[in-house]
Amino acid sequence: MKKGCAVIALGAVLLLAVICISLFFWVKSSYNGLVKADEQVSAAWAQVENVYQRRSDLIPNLVATVKGYAGHESSTLEAVTEARANATKITVDPSDLSEEAIARYQDAQGELGQALGRLLMITENYPDLKASQNFRDLQAQLEGTENRIATERMKFNETARGYNTMVRSFPTNIIASIFGFNTKGYFKASEGADTAPEVQF
């Protein structure tokens, strides 16, 4: 009888050990997967900031070039400079990529984009400026940068979606809540983006 109890006790201990080891490896795997996904979101965010910084770096040269041909358009030039300053003031901590933080960042960058759009519109009135090789080069770089911004924002959203899916999926959501992994925000389309702009020739 004692031998049977010892075998049962040993079996229970071994079963408990197997369960504990399995639980440990599951927690470890889930945690490490969340860390990896969080780092991927941070890296994608760094790329977004990188391309926005590239656009910001092009603006002083663009403003200086336009000023050389259209100096009396000072209010537009000042608006671009001010919008650039405001946009560079807004930063987002990669550990707090909430919907609100991304929206503030996107709004500041959107204001800069609108100011740039107005600046490029006034250039239509200056054929000599449009013919300037320096202006054309800057405009081409700016267009390329805007394409990169769109691409990096899309990649960020995809990476954040993958991470958010992990954070919200059962049973990983248990580990996420224990260790403080929160969902990340997304870039959203600007207001009016669903309306096609009027193009006039």
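**Stop 1: Salt bridges**

Begin by selecting Glu 152 and Lys 155, which form a salt bridge whose closest N and O atoms are 3.9 Å apart; a salt bridge here is a side-chain nitrogen of Lys or Arg within 4 Å of a carboxyl oxygen of Asp or Glu. The two residues are three places apart in helix α5, so about one helical turn separates them. Helices (H or I, at least four residues) are DSSP runs, numbered from the N terminus. Glu 152 is buried at 13% relative accessible area, whereas Lys 155, at 41%, is partly exposed. Buried means under 20% relative accessible area, exposed over 50%, and partly exposed in between (1.4 Å probe, protein chains only).

This is a predicted model, in which local features need pLDDT of at least 70 and side-chain atom pairs count only at pLDDT 80 or more, while totals for chains, interfaces and linings use all residues. Residues are numbered from 1 along each chain as its sequence is written, and side-chain values use heavy atoms, with hydrogens and water left out.

The count of salt bridges comes to four. Next, select Asp 38 and Lys 184, another of these pairs, with closest N and O atoms 3.0 Å apart. Asp 38 lies in helix α1 and Lys 184 in the segment after α6, so the pair ties together parts 146 residues apart in sequence. Are these two residues buried or exposed? Both Asp 38 and Lys 184 are buried.

Then select Lys 188 and Glu 99, a salt bridge with its closest N and O atoms 3.3 Å apart. This pair links distant parts of the chain, since Lys 188 is in the segment after α6 and Glu 99 in helix α3, 89 residues apart. Lys 188 is partly exposed at 49% relative accessibility, as is Glu 99 at 31%.

**Stop 2: Helix α3 and its cover**

Select residues 99-122, helix α3: its 24 residues reach 34 Å from first C-alpha to last, close to the 34 Å expected at 1.5 Å a residue. The expected span is 1.5 Å times one less than the number of residues. Among the buried residues of α3 are Tyr 105, Gln 106, Leu 112, Leu 119 and Ile 122. Their cover includes α1 (2-69), α2 (74-89) and α5 (133-168).

For a view from α2, select Thr 76, which is placed in that helix and is buried at 15% relative accessible area. Not counting residues up to four places away in sequence, Thr 76 touches Arg 118, Leu 119 and Ile 122; contact means heavy atoms within 4.5 Å.

**Stop 3: Gln 141**

Move to Gln 141 in helix α5, which is partly exposed at 33% relative accessibility. Leaving aside neighbours within four places in sequence, Gln 141 is in contact with Arg 54 and Leu 58.

**Stop 4**

Select Phe 170 and Pro 171, which are joined by a cis peptide bond with omega about 5°. Pro 171 is in the loop between α5 and α6.

Helix α6 (residues 172-179) supplies the largest share, three residues.
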